[in-house]
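Dear colleague,

Please find below a structure that I am handing over to you.

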Amino acid sequence: MKLWPILAVALGGALGTLGRIGADLAMVGLPGGHEWATLGVNLLGSFGLGLVTGHGLPRMSSALREGLTIGVLGSYTTMSGVAIIALALPTLGIAYVLVTLALGLASAWLGYIWGRQLQSPGRTA
């Protein structure tokens, strides 16, 4: 691997992590704040990955592509957070996982469709 993609992933990871912490801090003190923040970042991250993929992942430089996908979106979203929430909320845990998965897939699909439309405004997906 070349140096620029590695640096892009590191920088993107730092930015994604700051965004993730910001989402948690924004929800402090609200009922279920951590759970809502985790769901929100995972849905937004899924949408973002779909958008980037649909818009033209192959046309991007490897540094930009890996910095956005692995770095920013990879550090912003968190499956480990979903797992901890599922364990901490035994009665709602399975439902939380299923909602996260279903809405995450829907968000990624919508992002992908939107990305394809941005790629070619006259083209339908």
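Which residues of α3 are buried? They are Ala63, Glu66, Gly67, Thr69, Gly71, Leu73 and Tyr76. Please bear in mind throughout that this is a predicted model.

**Overall architecture**

The secondary structure of the protein chain consists of five helices and zero strands, and along the sequence the pattern reads α-α-α-α-α. The C-alpha atoms occupy a box of roughly 45 × 35 × 25 Å along the principal axes. The protein chain has 125 residues, 34% of which count as buried.

**Helix α3**

Helix α3 covers residues 62-76. With 15 residues at 1.5 Å a residue, α3 should span 21 Å, and the 19 Å between its end C-alpha atoms agrees with this. There is a bend of about 30° in α3 at Leu68.

An α-helix has 3.6 residues a turn, so residues three or four places apart point the same way. Among the buried residues of α3 are Ala63, Glu66 and Gly67. Gly67 has a relative accessibility of 8%, and because buried means under 20%, it counts as buried. The C-alpha atom of Gly67 is separated by 10.0 Å from that of Leu15, and the two residues are 52 residues apart along the chain.

**The largest pocket**

The largest pocket has a volume of about 290 Å³. Its lining is made up of 17 residues, and those that lie nearest its centre are Asn42, Ser46, Thr77, Met79 and Thr100. Helices α2, α3, α4 and α5 each supply at least two residues of this lining, with the largest share, six residues, coming from α5. By type, the lining residues divide into eight nonpolar, nine polar and no charged.

Met79, one of the residues nearest the centre of the pocket, lies in helix α4, which covers residues 79-88. Is Met79 buried or exposed? Its relative accessibility is 59%, and since exposed means over 50%, Met79 counts as exposed. The C-alpha atoms of Met79 and Val97 are 9.5 Å from each other, with the two residues 18 residues apart along the chain.

**The aromatic pair**

The structure holds one aromatic pair. The ring centres of Phe47 and Trp114 are 5.6 Å apart and the ring planes are at 45°, so the pair is tilted. Distant parts of the chain are linked by this pair: Phe47 belongs to helix α2 (residues 33-56) and Trp114 to helix α5 (residues 93-119), 67 residues apart. Phe47, at 22% relative accessibility, counts as partly exposed. Trp114, at 44% relative accessibility, likewise counts as partly exposed.

**The loop between α1 and α2**

Gly32 is located in the loop between α1 (3-26) and α2. With a relative accessible area of 32%, Gly32 is partly exposed. Gly32 and Ser80 are 48 residues apart in sequence, and from C-alpha to C-alpha they are 17 Å apart in space.

Yours sincerely

Notes:
Residues numbered from 1 in each chain as written. Predicted model: local features only at pLDDT ≥ 70, side-chain atom pairs only at ≥ 80, totals over all residues. Heavy atoms only, no water. Phe/Tyr/Trp six-rings, centres within 6.5 Å; stacked < 30°, edge-to-face > 60°. Helix = DSSP H or I, 4+ residues; strand = E, 2+ residues; numbered from the N terminus. Buried < 20%, exposed > 50% of the residue type's maximum accessible area, 1.4 Å probe, protein only. 1 Å grid on protein atoms, 1.4 Å probe; cavity = no way out; pocket = protein on both sides within 12 Å on 5 of 7 lines; lining within 4 Å. Points joined across faces, edges and corners; volume = space filled by probe spheres on them. Nonpolar A, V, L, I, M, F, W, Y, C, P; charged D, E, K, R; others polar. Expected span 1.5 Å × (residues − 1). Bend = angle between axes of the 7 residues up to and from the residue.
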